[in-house]
Amino acid sequence: MKRRLIRALAPSRDELAAAMTRVAPYVTRTPVMTCSSLAQLIGCKEIHLKCENLQRTGSFKIRGAVNAVFQLDGDQAHKGVATHSSGNHGQALALAAKMRGVPVYIVMPRTAPLPKIEAVRGYGGVISFCEPTLEARESELEQVVAATGATVIHPYNNEHVIAGQSTATQELLEQVGDDQTALDVLMAPV
């Protein structure tokens, strides 16, 4: 599969606002918690934790998947969506596709954790297994797309996925204050 890099910029304000509106009915507005012992351990006044582990599917990935799936036109939706994933993006895409009522095809390495495989299947995903290499994932995904006509929703190199996942940060800023003084540093472990 030919790799195409998208712009390396964050979504525009308009794209982010549209993504916020698009994902709102389908995702959980997760809480922000503080942890004084962690703040003390790392030597800061206060630390805020955006609890995306409480999100549907257990991660922020649902935000990007929903934003991408709900932007497909009718013909694309009819043919379905496809991706490669070891778990979180695959689960998220399977659930987003289920919510929209479109077919979903997930390429997973044969070494993927069983709970992730079961979750993808539980959301209606059709799984194709491959060897645990990027080359094998991309090759199998090409074959799936050729056979189904599905639209590829890349796990991280997709502008709609990026905009959707950015909604977690927008929520965080709304919850702790976005006056540019509320946060000194923003870290996103992915």
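**Entry 1: threonine 30**

I began with threonine 30 and, leaving aside its neighbours within four places in sequence, I found it in contact (heavy atoms within 4.5 Å) with Lys50, Cys51, Glu52, Leu54, Gln55, Arg63, Glu171 and Gln175. Before going on, I noted that this is a predicted model, where local features need pLDDT of at least 70 and side-chain atom pairs count only at pLDDT 80 or more, while totals for chains, interfaces and linings use all residues. I also noted that residues are numbered from 1 along each chain as its sequence is written, and that side-chain values use heavy atoms, with hydrogens and water left out.

Where does threonine 30 sit? I located threonine 30 in the loop between helix H1 (13–23) and strand E1 (32–34). Helices (H or I, at least four residues) and strands (E, at least two) are DSSP runs, numbered from the N terminus. Is threonine 30 buried or exposed? Its relative accessible area is 0%, so threonine 30 is buried. Buried means under 20% relative accessible area, exposed over 50%, and partly exposed in between (1.4 Å probe, protein chains only).

Next I looked up threonine 57, in the loop between strand E2 (48–50) and H3. Threonine 57 has a positive phi of about 75°, although it is not a glycine. Threonine 57 counts as buried because its relative accessibility is 14%.

Then I went to glutamate 131, in the loop between strand E5 (126–130) and helix H7 (134–148). Glutamate 131 has 42% relative accessibility, so it counts as partly exposed. Leaving aside neighbours within four places in sequence, glutamate 131 touches Pro109, Arg110 and Ala136.

**Entry 2: helix H5**

I turned to helix H5 (residues 88–100), which has 13 residues. From first C-alpha to last, H5 reaches 18 Å, close to the 18 Å expected at 1.5 Å a residue (1.5 Å times one less than its number of residues). Just after H5, glycine 101 takes a positive phi of about 80°.

Which residues of H5 are buried? My list is His89, Gly90, Gln91, Ala92, Leu93, Ala94, Leu95, Ala96 and Ala97. Their cover includes helix H3 (61–69), strand E3 (81–84), strand E4 (104–109), helix H6 (114–122) and helix H8 (159–165).

**Entry 3: H5 and its partners**

I took H3 first. The axes of H3 and H5 come within 8 Å and cross at roughly 40°. That angle is why H3 is oblique to H5. Axes are lines fitted to C-alpha atoms, for helices over the stretch in contact, with angles from 0 to 180 degrees between N-to-C directions. Angles under 35 degrees count as roughly parallel, over 145 as roughly antiparallel, 65 to 115 as roughly perpendicular and the rest as oblique.

On the H3 side I found Lys61, Ile62, Ala65, Val66 and Val69, meeting H5 residues that include Ala92, Leu93 and Ala96. The residues of this contact divide into 10 nonpolar, 2 polar and 2 charged. Ala, Val, Leu, Ile, Met, Phe, Trp, Tyr, Cys and Pro count as nonpolar, Asp, Glu, Lys and Arg as charged, and the others, Gly among them, as polar.

H6 came next. H5 and H6 pack at about 10°, with axes 8 Å apart, which means H5 is roughly parallel to H6. Asn88, Gly90, Gln91, Ala94 and Lys98 of H5 meet Lys116, Ala119, Val120 and Gly122 of H6. By class I noted 3 nonpolar, 4 polar and 2 charged residues.
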